Amino acid sequence: MTVLTEKITALKRQIRTLEERYDRPRDSVRLLAVSKKQAPEKIRRAAAAGIKDFGENYFQEALEKIEGLSDLALSWHFIGPIQSNKTRGIAEHFDWVQSVDREKIARRLSAQRSDTMPPLNVCVQVNLSAEASKSGLDLQCAATLCARIAQLPNLSLRGLMAIPAPLSNLQAQREGFRRLAKEYQKLRQHYPSMDTLSMGMSNDYAAAIAEGSTLIRIGTTLFGPRSTSA
Ligand SMILES: *Cc1c(COP(=O)(O)O)cnc(C)c1O
C-alpha cells in the first residue's frame, strides 16, 4: 500500500468512528479530496483507492487536471473564489460549485451551463466569521440567494458551504458549525433538492461531523502540504 492509500483508509475509518460517536447514520458523511496545488499523479492514486470527488480552487490549474484525467470518472467541485470571467469555464467543466456567494455569479453559471449537461450542483458559501474571510455571504442573507438560485434553470441547489476561521478548540469549532447547520435545516424545508451541508476541513472535521456535516473537504490530511507554486 502506498502512504496515500493508507491515509485514505485511516481517514475513512476515522469518519466511521465519528459517525458512531455522534449518532450519525453510517455513510452519511461524504469525503471530498481537496487536490489544489497537488500533482495530478496524486489524484490518480487517490482515485485508484476509491475517491471520486475532488475539489479545486484555481480554474486554470483545475482545467489542466480535469483534461489530463478525463479517462477517469471523477466528480469535480469548484471550491475557490469565483471571478466573473471564469464562470463560463467553471460551468463547462465542473460538476459542482460550492463557492457561490453572489446572485450575479449564479446567473452567469446558469446561463453558461450547456442545456445538454446535467444541472450544475451548487452550494451557497456562507461566511461564519466575517473578520476572517472575504468570501461567502452573511448567514442571514443565505435564504435570499437560495431563493434566487432555486429559480435558475441550469443550477441545482444542493446546500450550504462554509470555511470558518481556524480555531483549535472543539467546542468553539462546533458553535460556528451549529449555526450553519440550523440554517441548513431551516432551508431544507423549502428546497427538497438540498442535501449537502459542506463543512469541515483537515483541522475541524470532527466538530463538523458532530454538528451534522454531510461533506467534509480534506486536503493536507490526505495529500500532505501543498506546493507553493500552483
Ligand atoms: C484548501 C481548502 C480545503 C482543504 O483544506 P485542508 O486544511 O488542507 O484540509 C477545504 N475547503 C476549501 C474551500 C479550501 O479552499
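This is a predicted model: local features need pLDDT of at least 70, side-chain atom pairs count only at pLDDT 80 or more; totals for chains, interfaces and linings use all residues.
Me: What makes up the count of helices and strands in the chain?
Reply: The chain has 9 helices and 8 strands, where helices (H or I, at least four residues) and strands (E, at least two) are DSSP runs numbered from the N terminus.

Me: Why is the chain called as compact as a globular protein of that length?
Reply: The radius of gyration, taken over C-alpha atoms, is set against the globule rule of 2.2 Å times the number of residues to the power 0.38. The chain has a radius of gyration of 17 Å, close to the 17 Å that the rule gives for 230 residues, so the chain is as compact as a globular protein of that length. Along its principal axes, the C-alpha trace spans about 45 × 40 × 30 Å.

Me: Why is Glu183 called buried?
Reply: Buried means under 20% relative accessible area, exposed means over 50%, and partly exposed lies in between (1.4 Å probe, protein chains only). Glu183 has 11% relative accessibility and therefore counts as buried. Glu183 sits in helix α7 (residues 170-188), and, not counting residues up to four places away in sequence, Glu183 touches Leu139, Ala143 and Leu160, a contact being heavy atoms within 4.5 Å. In the chain as a whole, buried residues make up 52% of the 230 residues.

Me: Why does Leu145 count as buried, and which residues is Leu145 in contact with?
Reply: The relative accessible area of Leu145 is 6%, so Leu145 is buried. This residue of helix α6 (residues 142-150) is in contact with Val100, Asp101, Arg102, Glu103, Val124 and Leu137, leaving aside neighbours within four places in sequence. From Leu145 to Gly68, C-alpha to C-alpha, the distance is 34 Å in space, and the two are 77 residues apart in sequence.

Me: What makes Phe54 stand out in the largest nonpolar core?
Reply: A nonpolar core is a set of buried Ala, Val, Leu, Ile, Met, Phe, Trp, Tyr and Cys residues joined through side-chain atoms within 4.5 Å. Of the 65 residues in the largest one, Phe54, Val124 and Leu160 touch the most other members. Among the residues that Phe54 touches, not counting those up to four places away in sequence, are Leu32, Ile43, Leu74, Trp76 and Phe223.

Me: Which residues of helix α3 are buried, and what covers them?
Reply: In helix α3 (residues 59-68) the buried residues are Phe59, Glu61, Ala62, Leu63, Lys65 and Ile66, and their cover includes α2 (40-48), β2 (53-56), β3 (75-78) and α4 (87-93).

Me: Why is Asp23 called exposed, whereas Lys37 is called partly exposed?
Reply: Asp23 has 72% relative accessibility and so counts as exposed, whereas Lys37 has a relative accessible area of 22% and is therefore partly exposed. Asp23 lies in the loop between α1 (3-21) and β1 (30-34), and Lys37 is found in the loop between β1 and α2. Phi of Asp23 is near 55°, a positive value in a residue other than glycine, and Lys37, also not a glycine, has a positive phi of about 55°.

Conventions:
Residues are numbered from 1 along each chain as its sequence is written. Side-chain values use heavy atoms; hydrogens and water are left out.
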